[in-house]
Amino acid sequence: MNGLPYYMNHQVWNPDFNDPRGIGGDQFAMALSSWRLYYPYTGNERVKANMYFIADYYLTHSLSPEGAKWPDLPFPYNTYIYSGLYDGDMKSGRDILQPDKAGSFGLELVHLYKISENKLYLNAAVKIANTLSAHIKEGNINYSPLPFKVNPYNGATELLRYHDFTGTWIDTAGYTSNWAPTMQLFLDLIAMQKGNTAAYQSGFNHLLNWMKSFAMKENKWGPFFEDVDWWSETQINAMTFARFIMEHREYFPEWKNDVQKIIAWVHKNFANDSWKKYGVTVTNEQTVYPTPPTAILQDKLQTNYCM
């Protein structure tokens with residue numbers, strides 16, 4: 001009804017009903033990644049044309065304003081499905097975005113620049129990298145160097161937390177380990193000598209050290225997906241970083257052991273034996289742990305990630 005293709009409004013298509021949800025937080029970055037890998041096999045120019053359409057529309061209808069504390073980052077969700085605007089987060093609502101998804105989109109913009117030589121894509125990628133590198137903190141076992149979700153206007157993270165009856169409160173917006181795409185974004189811009197390369201190198205070093213010290217060491221990979229609003233371990237964070245390790249073995253002297261440890265953790269925690277009779281063990285998407293019963297106390301907090 002707004003003139004956009006269905007996939008620009010929704011994350012799921014079903015022939016029998018109109019899905020009520022908007023897009024997925026990583027939807028456009030993954031679409032661009034898939035088309036980028038598919039194009040060399042086909043040479044189909046329509047593939048490139050669709051990449052340009054997705055990037056152009058998203059860039060002009062999703063970014064946090066230049067005057068925000070976290071400027072020039074794309075919002076991952078259309079809170080008003082047919083508004084044609086991306087302005088928030090599926091669970092946390094309007095004015096909340098996911099920095100890790102911005103890094104993924106920025107990386108795809110670099111690839112798209114190399115394909116098209118359109119500097120608009122490069123400039124947008126540089127702005128994303130500038131914002132992300134400017135807000136990186138040290139991080140620890142409970143908080144990643146960049147948060148999972150943040151309000152770009154005031155710099156606060158919207159934290160939904162719950163008590164698991166053991167005396168522990170678990171925050172769901174201060175931690176994720178999906179930083180391999182952001183780290184690759186920094187490396188690519190450094191190699192191209194574009195943007196604030198000193199800040200990118202510093203940001204890369206911080207993320208690398210944190211990933212080694214916490215996510216890898218503790219196998220604490222944390223949330224990725226936008227459709228749950230409590231703590232979730234995800235295999236995509238772990239396996240994406242395993243691929244990053246194999247592509248950048250110079251940073252990982254024990255890379256074989258590192259990768260095998262990650263794969264073993266994924267198989268242990270996400271194996272689904274429902275199809276074992278066919279000789280197949282499926283890898284599930286995520287665990288929602290612990291599944292919060294209705295009696296669990298929940299409240300909203302705010303912490304500040306402003307520099």
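**Figure 1. Packing of helices α2 and α3 in a predicted model.** Helix α2 (residues 45-61) packs against α3 at an angle of about 130°. Their axes lie 11 Å apart. Axes are lines fitted to C-alpha atoms, for helices over the stretch in contact, and angles run from 0 to 180 degrees between N-to-C directions. The angle therefore makes α2 oblique to α3 (under 35 degrees is roughly parallel, over 145 roughly antiparallel, 65 to 115 roughly perpendicular, and the rest oblique). Helices here are DSSP runs of H or I with at least four residues, and strands are E runs of at least two; both are numbered from the N terminus. Residues are numbered from 1 along each chain as its sequence is written. The model is predicted: local features need pLDDT of at least 70, side-chain atom pairs count only at pLDDT 80 or more, and totals for chains, interfaces and linings use all residues, while side-chain values use heavy atoms, with hydrogens and water left out.

**Figure 2. Residues at the contact of α2 with α3.** On the α2 side are K48, M51, Y52, A55, Y58 and L59. On the α3 side are F105, L109, L112, I115 and S116. Contact means heavy atoms within 4.5 Å. By class, the contact has 9 nonpolar, 1 polar and 1 charged residues (Ala, Val, Leu, Ile, Met, Phe, Trp, Tyr, Cys and Pro count as nonpolar, Asp, Glu, Lys and Arg as charged, and the others, Gly among them, as polar).

**Figure 3. The largest cavity.** The whole structure holds 1 cavity of 30 Å³ or more. The largest cavity has a volume of about 50 Å³. On a 1 Å grid over the protein atoms alone, a cavity is a set of points where a 1.4 Å probe fits but cannot get out, and a pocket is an open set with protein on both sides within 12 Å along at least five of seven lines; lining residues have an atom within 4 Å of a point. Points are joined across faces, edges and corners, and a volume is the space filled by probe spheres set on them. Among the residues lining the cavity are Y58, P74, K101 and F105. Helix α1 gives the largest share of this lining, 3 residues.

**Figure 4. The largest pocket.** About 570 Å³ of space lies in this pocket. Its lining has 22 residues; S33, E108, P181, T240 and R243 are the closest to the centre. Helices α1 (27-42), α3 (99-116), α5 (180-192) and α7 (235-247) each supply at least two lining residues. The largest share, 6 residues, comes from α1. The lining divides into 9 nonpolar, 7 polar and 6 charged residues.
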